[in-house]
Amino acid sequence: MKKNRAGIFGTGFYLPDEKLTNFDLEKMVDTSDEWIVERTGIHERRIAGKTMATSDMAFNAAKMALEDAGITPDELDLIIVATISSDRIIPSTACMLQNMLGAAHAAAFDLTAACSGFIYASSVAAQFIESGVYKKILVIGAETLSRFINWQDRNTCVIFGDGAGAAVYGAVDGEYGILGFDLGADGAGGDYLDIPAGGSRCPASIETVENKLHYLRMNGREVFRFSVKIFGETILKSLEKADLQKKDIDWLVPHQANIRIIKTGAKRLAVPMEKIIVNLDKYGNTSAASVPIALAEAAHNKVFKKGDILALVGFGAGLTWASCIMKWSREE
């Protein structure tokens, strides 16, 4: 008898209504549509309204995923929210979401791994499901990064956007589901992408606000170099653990950071662009929400068919990286 694996029962995603185009940014900072598109591939991104927080977007994505999975919040055993932009330091966004959903029986916690967060969280969910401890787990990537962007810094303000993506995991036949994953970190590169103030080392003060230390900072050159290198390496490790090869990949679902990173990674893996899910032109980089939004949008557009081999990959602040190989188990 084949052992059960963790597979996806349903997906959901949510994007705010407000669009911020490259032409809008031309009026705000020294940049141009041509410059942004050439370097990133992004044309526009979504921005959460003033009264909307990360938990609100997570709630909308969760409702869609639960409906898609055909289960009620009461059936959930665990909620994991991957985010670096939680509503507050405490309580966790996951606990707030648990209350909003009415998921009274679910444990809940946040996971912080930036752009790798959804895959990190999915690997955690897989352990609980494969061990038989839990049966239904809601995993969400949700970010309101617009709250942490310096809109005068063209190195960051052109890249990031807001949104949420969700997946409900449960046990599927061992032939399907998550077949292998790879997680990694390099804390030595932590300063390449960070928010300096707001934590215990540098708490909020007049000086931190005046010096704009609560905004996201990025060494674009180093982050790009790291991302291009790790993209293919981590997927190859996941493929090896799944006993598969590059040629077996039917769909690549990458973190939506930069089109040049995606194209370079795809070339190294010999995956044609028509087999890669790309939506960064519409939504920009939504960090932990990036991979689940791309996954859910494609799933709801019935891109995947049962038995397809999906490769998911994320990389970002920490520095962190994560990938997983999944055999799609749903009949669309």
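Where in the structure is G318 found? G318 lies in the loop between strand 12 (309-316) and strand 13 (320-327); strands (E, at least two residues) and helices (H or I, at least four) are DSSP runs numbered from the N terminus. The model is predicted, with local features needing pLDDT of at least 70 and side-chain atom pairs counted only at pLDDT 80 or more, while totals for chains, interfaces and linings use all residues. Residues are numbered from 1 along each chain as its sequence is written, and side-chain values use heavy atoms, leaving out hydrogens and water.

**Surroundings of G318**
- G318 is partly exposed because its relative accessibility is 33%, where buried is under 20%, exposed over 50% and partly exposed in between (1.4 Å probe, protein chains only).
- Beyond neighbours within four places in sequence, G318 contacts D186, G187 and G190 (heavy atoms within 4.5 Å).
- A113 is 205 residues from G318 in sequence, with 6.9 Å between their C-alpha atoms.

**Aromatic pairs**
- The structure contains 5 aromatic pairs, meaning Phe, Tyr or Trp (six-membered ring) with ring centres within 6.5 Å; planes under 30 degrees apart are stacked, over 60 edge-to-face and the rest tilted.
- F226 and W321 make a tilted pair, 6.0 Å centre to centre with 55 degrees between the planes.
- This pair links F226 in helix 8 (residues 220-241) to W321 in strand 13, 95 residues apart.
- Both F226 and W321 are buried.
- W251, F304 and W328 are joined into a cluster by ring pairs.

**Charges over rings**
- K275 lies over the face of W251, 4.7 Å from the ring centre (NZ of Lys or CZ of Arg within 6 Å of the centre and within 35 degrees of the ring normal).
- K327 places its charged end over the ring of Y176, 5.2 Å from the centre.
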